[in-house]
Amino acid sequence: MIAIEARELRKTFPVRRGEPVEAVAGISFAVEAGERLAYIGPNGAGKSTSIKMLTGILHPTSGDAAVLGIVPWKKRRELAARIGTLFGQRSQLWYQLTPRQTFGLLGRIYRIPADEERRRLARLGELLDATQLFDQPVRGLSLGQRMRCELVASMLHAPEVLFLDEPTIGLDLVAKARFRDLIVRINEEQGTTILLTSHDVSDIEQVARRVIVINHGRLIYDDRVSVMRRALLGTKMLDVRFEQPPASVEVEGARLVKLSGAGAKLVVDTDRRPIRSVLDDLLDRYDVVDISVADPPLEEIVSHIYARPV
Amino acid sequence: MTAVAATLRTAVANGLANRNSFWFQVSLMVANDITWIIFWVLFFHQVGNLRGWDAHDVIVLFSILLTTAGVALGLCANSRKIGQLSADGALDETLTLPVPPLAHLLSTRVDAANTGDLLLGPVVFLLAGNPSPERAAMFLFGVVAGSVVLIGFLVACGSLTLFVGGRGEQADLGFNAILIFASYPLDLFGGATKMLLFTAVPAAFVTGVPARLVRNFDTPEALLMVAVAALFALIGWGTFHLGLRHYSSGSIWIR
Amino acid sequence: MNPYLAGWRLGFLRTIRSPGDMSVRIGFFAIILVVMTALWTAAVDANGGSLHGYTRTSLLWYVFAAQTAVLGVRPRSVEEIGDEIGSGTVAVQMLRPVSVVGLRMSIDMGEACARLIASFTVGALITWLFVGAPPSLAALGLAAPAVVLGCAANIASCHAFGGIAFWLLDAKASWFFFQKLVFLPGGMLIPLELLPRPLELISFALPFATMAYVPGRIASGHPDPLLLLWQLGWLAVLLGMAGAVFAAGERRLQVMGG
C-alpha cells in the first residue's frame with residue numbers, strides 16, 4: 001500500500017522585491033506503508049516546505065499529493081487525525097504544565113477514549129522510557145527529555161504516518177543516538193511509516209532504509225541507504241591532535257589532507273579498511289591527545305551526487 | 001466543542017501556573033482601570049452632562065468595555081495576535097491538529113492582565129449600574145454580542161497579514177483604534193466618524209449600542225446587534241480561512 | 001564625537017529609518033486627536049462655550065501639545081529599563097567608560113526628537129484643520145521647546161522609576177504607576193484647572209505636570225516663559241535623581257554581584 005505520494009509538487013513564495021522564490025520545484029516520489037524514509041538536503045533545500053505541504057499546513061502552488069489516500073490541503077483535518085508530526089524547532093507541550101496535562105488535552109482533541117488513552121500512555125512511556133517525566137513541568141525538562149515527551153505526544157493517537165522535521169536538532173550526541181533508536185523502535189513495533197528530514201548524515205544511516213536527497217527544491221537522489229552508503233558514505237573524517245607535532249602521519253587506509261602543527265585531518269575510506277582498525281593503528285603508533293570521528297558534511301555528499309556518472 | 005473547551009481549560013491552567021505573577025498582573029490591570037474611573041468621575045464633576053450622558057452612563061459603558069475586552073483580549077488573547085502568529089509561522093501547531101483552526105487558536109492563550117478587566121467589569125456594573133434583572137440581562141447580552149464583534153474585527157485585521165505580509169502592524173493600529181473609540185460615548189461623534197464607528201471600525205457595536213440597550217431596551221436595535229455580531233463573526237472567519245491559503249509558515253526568503 | 005552626542009544621533013537615525021513603526025504611531029496619534037476633539041467639543045458646548053477659561057480652540061491646542069509630549073517617549077520605557085537591569089545587560093554596559101544612565105537617556109532623547117518632529121508637525125496640522133488656528137502663534141512657537149523639555153523630564157523620570165529594578169529586579173509595577181501619574185496629575189487626560197482645587201495645586205507642584213500640562217498650557221495661549229523655567233528646574237532635579245538612583249544601583253551591583 002502506498003502511504004505517501006507526491007506528483008510534481010511545487011511551491012513558490014512571493015518575495016517583497018524581485019522574483020518569487022521556488023522553494024520546491026516539482027518533486028515526485030512515493031513511499032510504501034511501513035517504510036523509514038530520510039528526506040534530506042542542505043539548509044534551505046525545501047525539506048520543511050515539502051513536509052508542510054504533505055501535512056496540509058501549506059497549499060502547494062501546483063502539483064498533487066496524497067497521504068493515506070487523502071489530499072492534505074483539501075481535507076487537512078481528516079488527515080490530521082491519522083498522521084503525527086514532530087517539528088524539532090517547535091513544541092506541542094505546554095511549557096508551564098506537565099506533559100501528562102498536554103496528553104490529556106490531546107486525548108480530547110483526538111477523541112481518544114479515556115481507558116484507551118491510559119493504555120497507550122503506559123505503552124508509549126515504557127517504549128520511549130519516558131514515564132518518569134510525565135509529571136514534571138515541561139519548563140524543568142532537558143531538551144532530550146522534552147523531545148521524548150514530544151514523541152509521546154505525536155504518537156498518542158496511534159498515527160499511521162509520522163513526519164519528523166529536524167527532530168534531532170540541538171540534541172547532544174547521546175540524546176541523538178537514543179532518539180534515533182526510539183524512532184526505529186516505533187516503526188518496528190507499531191508499523192508506523194516514518195518520514196524524517198534532517199541535515200545530519202548520521203540520522204540517515206541509523207534511522208532510514210531509504211533516502212531521498214533534495215537540493216534547491218529538486219529531487220537529486222532516491223535509493224536505499226545501503227546503496228548510498230556504499231556509493232557515497234564510504235568515508236569518515238578524522239580530526240587528530242598529537243602530543244608533539246609529527247613529521248608526517250602514515251596509517252594504512254587513511255589519507256592525510258591537512259597537517260598543521262600538532263593537528264591533522266585525515267580521510268578514511270571505510271570500504272578499504274574499517275574505521276576501528278585505523279584508529280587502533282593511529283593510537284598505537286602516535287602520541288594522540290585528542291581524536292574525533294565525523295561523517296562527511298551533507299554538502300560534500302551532495303556534490304558527490306552531482307559528480308557521479310549517470 | 002469539547003476539544004475547544006478542553007483547550008481553554010488547559011490555557012487557563014497554563015496561565016495560572018505561576019500564581020503570584022498572575023495575580024500581580026491582574027491587580028495592576030484593575031488599578032489601571034480604576035484610574036480611568038477616577039478620570040471619568042473628575043471629568044463629569046466639572047462638565048456635568050455630555051450630550052445626554054452623565055458619569056453614571058459612562059461608567060456603565062466602561063463596565064461593558066472592560067468585560068468585552070476581558071473576553072476578547074483576556075480569554076481569547078490570540079484574537080489580537082493572529083497577524084504576528086502568521087508572520088512567525090506559529091499557526092503550524094494548530095494546523096497539524098484535527099480541530100477547527102480559528103476556534104483552537106482563540107482558545108490556546110489566556111492573558112493574565114486582561115483577565116483583570118474581565119473580573120472587574122461585572123463588579124463595576126453591579127456596583128454602579130443599577131442592576132435590575134432586565135438591565136443585567138441586557139448587559140450580558142451586550143457583552144456577549146460585543147465580544148463577538150470585537151474578536152471578529154481583530155481576527156480580520158490580523159488575517160490581513162496573511163495577504164499583505166508584514167508583522168501585524170495593521171492589526172495593532174486597528175486594535176488601538178477600536179478600543180479608543182469604544183471607550184467614549186457614541187454620541188460624542190458625528191458625521192463621517194460616526195459612520196466609521198458603525199462600519200469599518202465597529203466600535204459602536206462593542207460598547208455604544210450595548211450601553212444604549214442597557215439604558216432603553218429596543219427590539220430592532222437588539223436584533224441589529226445580533227445581525228452585526230453574526231456578520232463580524234463571518235468576516236473574521238472568512239478572512240482567516242481565505243488567508244490560510246497564503247500562509248507561508250514563516251518561510252522568510254531574503255535572497 | 002562626544003559619546004552622548006553619538007548616542008543621541010544613533011537614537012535619532014534609528015527612529016527615522018523605521019518608517020513603518022513611525023506611521024503606525026502617527027496613525028494612533030491622529031485617532032487620539034479625533035476622539036479628544038469630539039470629547040472636548042461636547043464638553044465645552046455643554047458649558048456655554050468655555051470651561052475654566054478654556055475655549056474649544058484653546059482646549060484642543062492644549063490636548064495636542066500635552067499628547068505630543070507624552071507620546072514622544074516610548075510607551076514601555078520604564079519597563080524596558082527594568083528588563084535591562086534585571087537581565088544583567090546594564091552590568092555589561094557598566095564596563096564602558098561612559099555613564100550608563102547618561103548614554104541611555106541620550107539615545108532615548110534622540111529617538112524622542114525624531115518622533116517629536118513628525119508628531120508635532122502632523123498633530124499641529126490636524127488640530128489646525130479641526131479647530132482652526134492656535135490661540136497665538138507665539139504660544140505655538142513656545143510650545144515646541146516646552147514639548148522637548150517635557151519629553152526630557154519624562155525620560156529622566158522614566159530612568160529614576162526604572163532604576164528601582166536594581167532592587168526589585170523588575171520595573172513592571174513602577175512603569176504602571178508612573179504612567180498613571182502622567183495621565184492624571186500630569187495633565188495628559190485633563191487640564192489641571194479642571195480638577196478640584198486642592199488636587200490642582202498638588203498636581204501642579206509635582207514634576208509630572210512638567211511632562212504634559214506645561215506644554216499643553218503654553219499651547220493653549222499662555223506663552224509664559226516662567227513655565228519653561230519651571231520645566232527646567234524639575235528637569236535638573238529629575239536628571240539628578242536618575243543619576244543618583246543609577247549610581248546607587250550600580251554600586252549595589254558591584255557589591256552584590258550581577
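Let's start where chain C and chain B meet: four residue pairs are in polar contact across this interface, with both partners at pLDDT 80 or more. That confidence score matters here, as this is a predicted model.

Which elements of chain C give two or more residues to the side that touches chain B? They are helix 2 (19–46) and helix 9 (172–183) of chain C. Helix 2 of chain C supplies the largest share, with 15 residues. Sort the residues on this side of chain C by type and you get 25 nonpolar, three polar and three charged.

Now take in the interface as a whole. On the chain C side 31 residues are in contact with chain B, and 28 residues of chain B are in contact with them. Put together, the two chains bury about 2600 Å², and 82% of that lies on carbon and sulfur atoms. In chain C, the residues that lose the most area to chain B are Ile31(C), Val35(C) and Leu39(C), which together make up 20% of what that side buries.

Look for Arg51(B) and Asp45(C), whose side chains meet in a salt bridge at 3.8 Å, N to O.

Finally, have a look at helix 7 of chain C, residues 137–162. Its 26 residues should span 38 Å at 1.5 Å a residue, so the 37 Å between its end C-alpha atoms agrees with that. Follow helix 7 along and you'll find a bend of about 25 degrees at Ala144(C), with a proline, Pro145(C), following within four residues.

How values were computed
Residues are numbered from 1 along each chain as its sequence is written. Chains are lettered from A and ligands numbered from 1 in the order in which they are written. This is a predicted model: local features need pLDDT of at least 70, side-chain atom pairs count only at pLDDT 80 or more; totals for chains, interfaces and linings use all residues. Side-chain values use heavy atoms; hydrogens and water are left out. Contact means heavy atoms within 4.5 Å. Buried area is the accessible area (1.4 Å probe) that two parts lose on being put together, summed over both. A salt bridge is a side-chain nitrogen of Lys or Arg within 4 Å of a carboxyl oxygen of Asp or Glu. A polar contact is a pair of N or O atoms within 3.5 Å; within protein, one must be able to donate a hydrogen and the other to accept it, and residues adjacent in sequence count only if both atoms are side-chain atoms. Ala, Val, Leu, Ile, Met, Phe, Trp, Tyr, Cys and Pro count as nonpolar, Asp, Glu, Lys and Arg as charged, and the others, Gly among them, as polar. The expected span of a helix is 1.5 Å times one less than its number of residues. The bend at a residue is the angle between axes fitted to the seven residues ending there and the seven starting there.
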